[in-house]
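Subject: Structure handover and notes

Hello,

Here is the structure for your files. My notes on it follow below.

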Amino acid sequence: MHRHSALETIYKVGKYSSSEKQSLTFKELKSLEILQIACWPDKIDEMNNLISKELKIKNIPSFNKGIIFENKSLWRMEPLKWWLFNKEIEISEQIATILDMSHAFTGIEITGDNSSLFLNRHLPIDLRARNFPDLSSASTAIHHVSVKLFKITSNNYCLYIPRGFALSIWEILLETADQFGYEVLER
Amino acid sequence: MKTRRIDNYGKINRDKILSFRWDKKNYKGFEGDTLASALLANNIGIVGRSFKYHRPRGIFSSGVEESGALVTIGSKDRRDPNVRATTQELYNGLEASGQNAFPNVNFDLAGINNYLGRFFAAGFYYKTFMGIPPLEWGKGTAIWMFFEKFIRKAAGMGSASGLPDPDTYEHAHDFCDLIVVGSGPAGVAAAIEAAEKKLDVILVEQDSLIGGNQLAENDFDNSQIKNQLENLGIKIMTRTTAFGLYDNCVVGLLERVTDHISASNVNIPRQRFWTIRAKHIIVGAGAIERHIAFNNNDIPGVMTVNASKHYLNRYGVLTGKRIVIATNNDSVYETAHQLSEAGANVTVLDSRTNFEIETNKSFEIRKGYVPYNINGSKKINSLDISKSVTINKSETINCDQVLLSGGWSPAVHLLSHRGVKPKWDYNNACFLPSDTKENITMVGSSRGLWNKNDCIASGIAGTTDALNRLGISKTNYFFPKPGGWKNPIQPLYEVKYKKSRSKSFVDYQHDVTTDDVRLAHREGFISVEHLKRYTTLGMANDQGKMGNIIGLSLMAELLNKEISEVGTTVFRPPYTPVSIGALSGRNVGKHFRPLRVTPMHQWNIDHGAKMIEVGLYQRPWYYPKENETLSDSYIREASTVRKTVGICDVTSLGKIAIQGPDSTEFLNRIYSNGFSKLQVGKARYGIMLRDDGIVMDDGTSWRLAENEYFMTTSTGEAAKVMSWLEELLQTRWTDLNVNVTSVSEQWAGVSIAGPKSREVLNNCVDDSLVITNNNLPFMGVTSTFLKGNIPCRIARISFSGELAFEVYVKSDFANTMMDLLWENAKKYDGCLYGLEALGALRVEKGHVTAAELDGRVTIDDAGLSKMASTKKSYIGSAMRKRGVLKNNDREILVGFFPTNLKETFNAGTIVCEKNNIKGQGIGRITSVTYSPELGHWIGIGFVKGGLDKWKDTTLVGADPVRNKQMNLKVVSPHMIDPKGERMYA
């Protein structure tokens, strides 16, 4: 089934720049699969055990951290909430509730040497390595719109924007990116 | 024209010549010049006219404190007024002009004001033009209001272009352990010390070059220091002003990104507004040299001594040939020597009589002398001097320049932003920064240190202080004592002119004279804050950087007090002006606020929708055909819905997933009506009250599973309801296992309404049996598939009063759903309908929205009292029974018809009794529409006592705003199909 992207009408692959060099790349993450897991406060231990067993991972990420395994990832977005990407899971509602959020966000991957500098044009988040190491996440805001930021590596971030605002935020991001030089990659 | 540029001086790049225009004439300068240095080099003395008296003004300084050389840069939409020529870097093609003058600053017709100056003292305008007898007899402002525009035009500074700003601006954020403001010897020492101790350091410098006041030293080479700083990993931000300090070590910076280059590229922001969050702040912002008040102390050619040194050693410009330096302190002698070496004939007047200074006798020193009066109007012809002990003209010195140094004022402004009051230091005749418990340390001359070694020592001590406060070290340290001159300064603020009329300027920019300060004292404005506001001392864009201390000293003398007792005004951000564009950043034009669209936004536009903003959302307003007006279109759309079928994008409704074992109990507590017995596969309309018993919002909740609900809210209240539910779960009902999550973006929704809606849907679902009347009765809910295997949720809900369904699919499938539904709706002559038709349909049915539920209405007022359970407790259940909410004369929801059915009316009309049309009347009309079904205008609203009281009485609708009045008939709000037979069909 074809999924229509929120950026469908304005997503134009190509190199754009007021300078000669493109130091940033943007790529929309296609066909997101996001499952929100929301645990009850007194079931954290059971939740951790279950996740560990179901996902076959040893280190359960702490708050605002994530783990990437195979082509999947798990991010602890709030003390009691996780986002699980590209994986389905069944959990008893006595431990947690699960909710499909795959269509609620538009995901954008931002890569490049200037990615932190660029993001700080909008985000009031300390992205320095010692304070925001790889596999960190944050709930923050761009232009008053709540967004989720994942740091994959020092030069590679994923930004999740509420779908209805994605068009507007995409435009404003690219306007800012122009000074750095940027390329929009195939989805 | 002779040049003042001299060989072998300055750090400008003489290999790169820059062309610029000043007042429509072409000139040359060099790379590294400021506009001020280039103008001086080209022997241009008059660069401005004063604020009130239109006196010719020259260049007083070489920095941000400049109060004379305010000019306009650029033209047309890039015209930027009130720019300090002293900080504007020269670039090829720069276009600058004088301001506040006609036809130009050299010959200004308004210069006549100078000869009428005795009438223009502080407060003149208000005293003269307000309450003029016999017209206004001491009170009234009509005359002032008439003359104000002329007065404001005659006085002032530059004018903005009035055109949209073509440049872009942006905001940015950064973080560090230590931010150092100022790159003088103290700031650099602090930064190096901190970087060597492994702190993450940002060094901020407002100039284009680092070095601070060292840039005025002939042998200073900043490149070596820059390399050292960069090698230590220190982030250097030049052309960046720290304009304000805020809570928690937040520093506001303004970076001028392209103000120094000629090419304009809208993709590169002109200025960048930085918010820096640091753990500690070191301020080494330097000190500002003061002038001295005496008669005609503003004639072009007057300058601070340190500025002249900068022009000589940084820009290679000798600012005068016959120079008189007037001072009261040691700081001028090195400059005097250098000016003399450069070829100037220099005389130093020092107000002190008993002091020793080492010189090579290349210039004359007149001990015990002060400046008394400058002779000249557009340039200095000579200077009358006086002995400092008995003030009177004693002799005249021919000269072309007067350099002044009345002492130095540490730049305590940034610390003042934190509410820290500076303290007066008698020994150094200046305000010094007080201690603060915040992580802010003052270093260098901004803490009153006058020699370089002390500044460097203070920078290192400042970093040690920072390390200690951050808990990184526990090291003893000390700051050098304020001062550092061999001979003590002798306070000298004013040299009183003996003649009756004088122009001794305290604040150059606002033309505030010593006489104005005395007038303020005579009239009782003796508090420094009153003095400031009465005279406007320190209120121009230099914020009193040069003149404040002189004004305070005069008031102290008048009050027979010390300056420490008089105090100083509070410095507030910004330290130097910040453009409005920089404050706005990218939040302008179409990005003024974030735009929110539904997943079928483009689909709607492609199918002819005219959009309207609803909150942040763009929603289809109406879908005109060919030449249809809004009115034509919505009437057609609403009629089509009643006759056949219509499709409406309702995605903007708030949508909340409610999950968990206690979900039912949770809903039962937040809604006024019962939810405990709602079956799976059913939806229920619910009313949510506030704690005070007033209606908060309404919507439907669908029971999808035993412990899972899908709640819809009104568009406008979605965020409020969501945060309200979270608050309840986090604070009041922590025992409930319920998760609430906004899924407004996850789901796209449409309403399919009209007698043919089921038939349309039949063609769109995989299994048409799921939507039969039996399987999906009114308020039934089902999860099924649209053709093409699109999962969807369908509820049989009606806002229009017709047979209707709401269909939700996941957002990425919205366009596919719309294609499918629309293809089939067209077969039944259906239509797409927008918000306007939606409104018409719901008004006909008497359904309330935010227009009615405006925060004043109870559930009883809205005619929904049957939905208030008497069998359970819920939010607002106690308070809704308050006596005041049960009064019989409360305004109750009703419908309105105009008595004359050809008449129209508007929302906002006040409902009154006949012969008693006044005030707030007895009710109000909240929503109106033309009813296609009834063939005339209808409305809903509220009236005291409701339908029962007024159904046989003609009332009056008063609309004073639109100057309308009509007779009204009160009817039931349910004007169409009151029994609901259509929606149950």
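How far apart do the C-alpha centres of domain 1 of chain A and domain 2 of chain A lie? The separation of these centres is 25 Å; domain bounds here come from an automatic or database domain assignment. Domain 1 of chain A covers 14-31 + 104-184, and domain 2 of chain A covers 34-100. Their contact takes 8 residues from domain 1 of chain A and 7 residues from domain 2 of chain A, where two residues are in contact if their C-beta atoms, placed from the backbone, lie within 7 Å. Strand S9 (136-142) and strand S10 (145-153) of chain A each supply at least two residues of the domain 1 side. The largest share of that side, 4 residues, comes from S9(A). Helices (H or I, at least four residues) and strands (E, at least two) are DSSP runs, numbered from the N terminus.

On conventions: this is a predicted model, in which local features need pLDDT of at least 70 and side-chain atom pairs count only at pLDDT 80 or more, while totals for chains, interfaces and linings use all residues. Residues are numbered from 1 along each chain as its sequence is written, and chains are lettered from A and ligands numbered from 1 in the order in which they are written.

Chain B overall

Chain B has 22 helices and 47 strands. Its radius of gyration (taken over C-alpha atoms) is 38 Å, well over the 30 Å that the globule rule (2.2 Å times the number of residues to the power 0.38) gives for 985 residues, so chain B is more spread out than a compact globule. The C-alpha trace of chain B spans about 115 × 75 × 55 Å along its principal axes. Of the 985 residues in chain B, 53% are buried; a residue is buried if 20 or more other C-beta atoms lie within 10 Å of its own, exposed if 12 or fewer, and partly exposed in between, with C-beta atoms placed from the backbone. Among contacts in chain B with a separation of 6 or more, 65% are between residues 24 or more positions apart.

Contact between the chains

The contact takes 41 residues from chain B and 36 residues from chain A. On the chain B side, the elements that give two or more residues are strand S8 (169-181), strand S32 (654-659), strand S36 (739-742) and helix H20 (814-826). S8(B) gives the largest share of that side, 6 residues.

Cores

The largest nonpolar core has 162 residues, of which A:Ile161, B:Ile752, B:Val809, B:Met817 and B:Leu821 touch the most other members. A nonpolar core is a set of buried Ala, Val, Leu, Ile, Met, Phe, Trp, Tyr and Cys residues joined through C-beta atoms within 7 Å. Helix H3 (residues 163-177) of chain A gives the most to this core, with 8 residues. Not counting residues up to four places away in sequence, B:Ile752 touches residues including B:Val645, B:Ile647, B:Phe805 and B:Leu821. A second, separate core of 151 residues includes B:Phe243, B:Tyr372, B:Ala429 and B:Val512.

Local details

Helix H9 (residues 452-469) of chain B has 18 residues and reaches 25 Å from its first C-alpha to its last, close to the 26 Å expected at 1.5 Å a residue (1.5 Å times one less than the number of residues). H9(B) is mostly covered, with 13 of its 18 residues buried, and just after H9(B) the residue B:Gly471 takes a positive phi of about 75°. Helix H5 (residues 222-231) of chain B is hardly covered, with a count of 1 buried residue among its 10. Just after H5(B), B:Gly233 takes a positive phi of about 80°.

Strand S1 (residues 13-22) and strand S7 (residues 94-97) of chain B pair in the parallel sense over 3 bridges; pairing requires that DSSP finds at least two bridges between the strands. B:Phe20 stands opposite B:Leu94 in S7(B). Strand S5 (residues 70-73) of chain B runs antiparallel to S7(B), joined by 2 bridges, and B:Ile73 has B:Ala96 as its bridge partner.

B:Ile797 lies in the loop between strand S39 (790-795) and strand S40 (804-810) of chain B. B:Ile797 is buried, with 21 other C-beta atoms within 10 Å.

Regards
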